[in-house]
Structure formats: structure tokens, C-alpha cells
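Me: I would like to go through a protein model with you, step by step. Can we start with the term we need?

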Amino acid sequence: MTSDHEDTSAMAVDDGLDEISPVTLGLYYQRLFPHELYYKWLNYNAKAPTNDFTHREFSFTINGDVYLRYQSFNDGAEFQRELQKLSPNKIDIGAIFTAQPKYAKTLQPGVFKAVSKELVFDIDMTDYDEVRTCCRGGDICNKCWKFMAVAMHILDKALREDFGFEKIMWVYSGRRGVHCWVCDERARKLDDTGRKAVAGYLTLIRGGAEQGKKVNLSQRAASHPHVKRSMDIVEDYFEDIVLVDQEVLLTKERWTKILSALPDEELRKMLDARWSKHPNMSSVDKWSEMIDAVDKKAAKRGSKFGLSTFEHDMMLQLIYPRLDENVTTHLGHLLKSPFCIHPKTGRVCTPIGADQFDSYDPMSVPTLSQLLREVNSSSASQSNGAKDSTLMTEHVAIFEKFVATLSPSTNEHAVNGSGSGGGSLDF
């Protein structure tokens, strides 16, 4: 039976469950955080502790915005105890080092070095602010979340088919984006140069906010297997997301941004004048009219002036994944941990199944307050003080399924692999 003390402590914080505090976080880490699976993941299913876990850097952000780097633990039990003791607002996962990170300050310079880490990717919705019209900044909705679905489809296929990676986990960041953890052994062993090569291969959008056209594929690059496969995915989603949901050509302010990418001033002026006279035209109709005009001009000029690939270039520019390359390219870069609580939203950073890219709804992800209210309710009604949460069941099951794939694999190819892509994209 649950002790009187446990029941009392759970019910005592009921009035404060809407707050993220050391008390509520402590309850979460004690009763809901999937400690055993988490340890199996980062210890790569070995029975005894390995350097993959003991030499791993964790960082904790604790109450008062105190940032603790170079935390490390001898085993999963010690990690669990410290997590419950400190109740961090945020957990970040870093690299595996030549020595345990907690001894970093005692080691001579040059001895303490990062040697491996998962290949990670970070896609943030704010990088789509120049395209999306429904939300801005940290806000998201079901319309703009579709950009994340496309990003996961494209990158997941490229990582599997072009690089031969198999052990890939996608995670909701808790607010406005997604993270990707590639856990294959050869991915974890990549140095900064190798990580930069992978990120460069997957990056098609180049240029800052002031640059009108950010995708400029040569005919050769446009025929690359990765680009062709990406275009197949983009074509399935483009009209619905970019033209219908986001209406990127609805107003003069919006269509001016798109027309600025046209390398032909005569076309820009002609389309701007026509759309100004017919402002009620839908974005779908305006896009069709623009592409027809571009195709006619390209037919006259041949492949010059960048018109022949304009449609595909722009479709990719408006919907292709936008990577934070610094997160991927630096071995020592830390990334927010799965199953921590986002301090802004209170939502759990939950894994996303490979079959959930289109159906995953970030707005339905449980918050800390929802979870603890459920636990309080079950504790009050069940004699065993059930630790399981039905709100977490699906998310933990996805994590468990992924962790089960982490047994050593004999299918280890070279980084440029035997996938369909091979080689780099020649722009």
C-alpha cells in the first residue's frame, strides 16, 4: 500500500500543479520519468555501465537559472538520484569524453577531449518565419506544424537511404520544433569534419533574410537522387501547406517577397501589376500564373537566367528543412534531452514514431500539470499509488520500441555508404 506520507505529499502540491517548480519537477522525475529506458538508451543496452554513459556529459539548468555543466554519473541509479535531488528545469545531453566530465577541472589541458556523440539535428519553427504567415516566434499551430512533418519525412529518408543509418529517433522539442538523434555507432564516431559533411549534404537553403532566392540548383544537382526524392515529398505537400494554409501570395507584402526571387525584372513588374489589379486571386492561382510566365520566358531564353529550375528551386526554398547547422557540426554541442519538461510550455519532450510524422499533434502532448493531476488522481483512487500515466503510455512505448533496436548491428557501412545518393551535391 502507498504510505500516508506519499499520499499526503502528492495531494499537498495539488494547488501548485500549474507551476513548474522544484516540487512539481521532483514529482515528475520520481514518478514518471522513464529512468530505466533512458539509461538503456545512453548505455546502448549494455548490462554493465560503459563509457557511453559514465563518460557522457549532462548539463542541468536548476531553479534560479543556475547552469551546471560537466555532470556525469557512474550508473543509471546515480543519475536517477541526482535528477530527483536537483529537479532540473532542463536537461541537456552532450558528448562522451576521454574521462568522466565531473573531473574535467582536475585534468591537464588537452587530456579532456570529446570523442563521440550521436549525430543530431535541430529544426526550429522560427527559421520558417519568413515563410509562415499563421504564427511568429515561439508560437505554433496545426497549420505551420506541417513544415515539421515535411522536414522529418525528407531528412529521415535521406539519413536512411543515402547514409544507411537505421537507429534514428525523432523528438518534439517541447515548444516549436523537432530534434533528430542518429544513434548508429558509426554516426556517433563522426568527428566535426564528418558531421559538417553530412550537414552540408542535407543543406539546400543558403543565404540570409536579405537574399531573395536561396536555392539555386544546377541542372546536375537537380537530378541528384536526394534532390529528386525530396522534390517528390515536397510536391505532395506544397500546395496544401504553402499556398492554401499559408497563402504566401495573398497580399502585396507577401507576393513581393516571392517575386524578389525572380531573376527577371520584366516578369516581376508584370506580375506585380496584374496581381495589384486582381488582389482577390488565390495564392494557388497566382502561383500557377507565375510559373506559366516563367516557363514561357525560359522557353525563349533556354536555360539562362535561372528560369529553367525556378519552380523547383522556389518550392524547395519555401518548404525544405531548415537546419541549425551548428547543432549538427560540433561534437561538443549539447542538445535538450528527450523527456525533459520545456520551461516555457510545460510540455514533455516526447519521441515521435516514424509512422507519426503526419499525425503527431504537439498541442496534444501532455503538460507537467496534466501529468501530475492524473498521478494524483490515480494515487488517491488506487491502493498501489500507480506510477504509470496513461497520458505518457504512448510516448514511453515509442521510446521503448526505439531503445530495443540499439543492440549491436553488423550492418555498418561507410559514411558515404551504399545508399542511393552517394557523393556530395554539386551546386
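Reply: Buried means under 20% relative accessible area. Keep in mind that this is a predicted model.

Me: How many residues of strand 1 are buried?
Reply: Strand 1 covers residues 56-62. It is largely enclosed by the rest of the structure, because its buried residues number seven of the seven.

Me: Which residues point the other way from Arg 56, Phe 58, Phe 60 and Ile 62 in strand 1?
Reply: In a regular strand, side chains alternate between the two faces of the sheet. Arg 56, Phe 58, Phe 60 and Ile 62 point one way from strand 1. The other way point Glu 57, Ser 59 and Thr 61.

Me: Which residue of strand 3 stands opposite Thr 61?
Reply: Strand 1 and strand 3 (residues 90-97) run antiparallel, joined by five bridges. Opposite Thr 61 stands Lys 90.

Me: Which residue takes a positive phi in the hairpin of strand 1 and strand 2?
Reply: Strand 2 (residues 66-71) runs antiparallel to strand 1, with four bridges between them. Phe 60 faces Leu 68 across that pair. The hairpin has three residues between the strands, and the one with a positive phi near 90° is Gly 64.

Me: Is helix 10 roughly parallel or roughly perpendicular to helix 14?
Reply: Helix 10 (residues 225-245) and helix 14 (residues 310-319) pack with axes 9 Å apart, at an angle of about 70°. Angles of 65 to 115 degrees count as roughly perpendicular. Therefore helix 10 lies, relative to helix 14, roughly perpendicular.

Definitions and conventions. Residues numbered from 1 in each chain as written. Predicted model: local features only at pLDDT ≥ 70, side-chain atom pairs only at ≥ 80, totals over all residues. Heavy atoms only, no water. Axes fitted to C-alpha atoms, helices over the stretch in contact; angles between N-to-C directions. Helix = DSSP H or I, 4+ residues; strand = E, 2+ residues; numbered from the N terminus. Parallel < 35°, antiparallel > 145°, perpendicular 65-115°, else oblique. Buried < 20%, exposed > 50% of the residue type's maximum accessible area, 1.4 Å probe, protein only. Pairing = 2+ DSSP bridges.
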